[in-house]
Amino acid sequence: MLSMSVFWLAPQYTILGLGDAFTLIGMQEYFYDQVPDSMKSLGIAFYLSVIGLGSFLSSFLIIIVDHITGKIGDHKSWIGKDLNMSRLDNFFWLLAALNVLNLCVYVLLARKYTYKNVQGRVVQIVGDCHNKDEGVELIA
């Protein structure tokens, strides 16, 4: 019997971590630019809430998969204490299928979305603290 190390999970978690980092940056930019000005603070609160909700849903998914796969037939759970007896490959295929489904929903919603016009915004850059009369106006 071959012994399996926990380090076999490192590539999958590295890819998921990089994906989360890019997603969080995109969400922050979206909630900063696209939310109406009167709802900026609420938009940032939603941004932070999505992070927490995602963590809870991730834990809930693991619990559900462990419970369902442990009950089906004589099979052991996909996520067990012994990595040699677990079927983590099936769990990661499930995650891949969920990500494909997520991508399809994203594409459908993104095609219907209309962006808020931020082209006409005027940005004022204030000069030195000593010379407050100098200011430069730029059109972004």
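Biologist: Which element gives the largest share of the lining of the largest pocket?
Modeller: A caution before the answer: this is a predicted model. The largest pocket holds about 1900 Å³ of space. Its lining draws two or more residues from each of α1, α2 and α3. The largest share, 13 residues, belongs to α1.

Biologist: Which residues are closest to the centre of the largest pocket?
Modeller: The lining of the largest pocket counts 36 residues. By class, 25 are nonpolar, 10 polar and 1 charged. The ones closest to the centre are G19, D20, T23, N99 and N102.

Biologist: How much space lies in the second largest pocket?
Modeller: Its lining includes M4, W8 and L9, along with R87, D89 and W93. By class, that lining has 7 nonpolar, 3 polar and 2 charged residues. The space in the second largest pocket comes to about 160 Å³.

Biologist: Which element gives the most to the lining of the second largest pocket?
Modeller: L88 and F92 are among the residues that line this pocket. Both are also listed as buried in α3. The top contribution is 4 residues, and the element is α3.

Biologist: What span does α3 reach from its first C-alpha to its last?
Modeller: Helix α3 runs over residues 88-112, which is 25 residues. At 1.5 Å a residue, 36 Å is expected. The model comes close to that value, at 36 Å.

Biologist: What covers the buried residues of α3?
Modeller: Take the buried set in α3: L88, F91, F92 and L95. Their cover includes two other helices, spanning 10-33 and 40-71. Those helices are α1 and α2.

Biologist: Which residues are buried in α2?
Modeller: Helix α2 has 32 residues and reaches 46 Å, close to the 46 Å expected at 1.5 Å a residue. Cover for its buried residues includes α1 and α3. The buried residues in α2 are G43, Y47, V65 and T69.

Biologist: Why does T69 count as buried?
Modeller: T69 is found in helix α2. The cut-off for buried is under 20% relative accessible area. T69 counts as buried because its relative accessibility is 8%.

Biologist: Which side chain makes a polar contact with the side chain of T69?
Modeller: Start with the backbone. The T69 side chain reaches the backbone oxygen of V65 at 2.6 Å. Leaving out residues up to four places away in sequence, T69 touches H75, K76, S77 and W78. The polar contact between side chains, at 3.4 Å, is with S77.

Biologist: In what order do the elements of the protein chain run from the N terminus on?
Modeller: The chain has 3 helices and 2 strands. Helix α2 covers 40-71, and α3 covers 88-112. From the N terminus on, the order is α-α-α-β-β.

Biologist: What share of the residues in the protein chain is buried?
Modeller: Contacts give some background. Among those with a separation of 6 or more, 34% join residues 24 or more positions apart. The chain has 140 residues, and the buried share is 11%.

How values were computed
Residues are numbered from 1 along each chain as its sequence is written. This is a predicted model: local features need pLDDT of at least 70, side-chain atom pairs count only at pLDDT 80 or more; totals for chains, interfaces and linings use all residues. Side-chain values use heavy atoms; hydrogens and water are left out. The expected span of a helix is 1.5 Å times one less than its number of residues. Buried means under 20% relative accessible area, exposed over 50%, partly exposed in between (1.4 Å probe, protein chains only). Contact means heavy atoms within 4.5 Å. On a 1 Å grid over the protein atoms alone, a cavity is a set of points where a 1.4 Å probe fits but cannot get out, and a pocket is an open set with protein on both sides within 12 Å along at least five of seven lines; lining residues have an atom within 4 Å of a point. Grid points are joined across faces, edges and corners, and a volume is the space filled by probe spheres set on the points. Ala, Val, Leu, Ile, Met, Phe, Trp, Tyr, Cys and Pro count as nonpolar, Asp, Glu, Lys and Arg as charged, and the others, Gly among them, as polar. A polar contact is a pair of N or O atoms within 3.5 Å; within protein, one must be able to donate a hydrogen and the other to accept it, and residues adjacent in sequence count only if both atoms are side-chain atoms.
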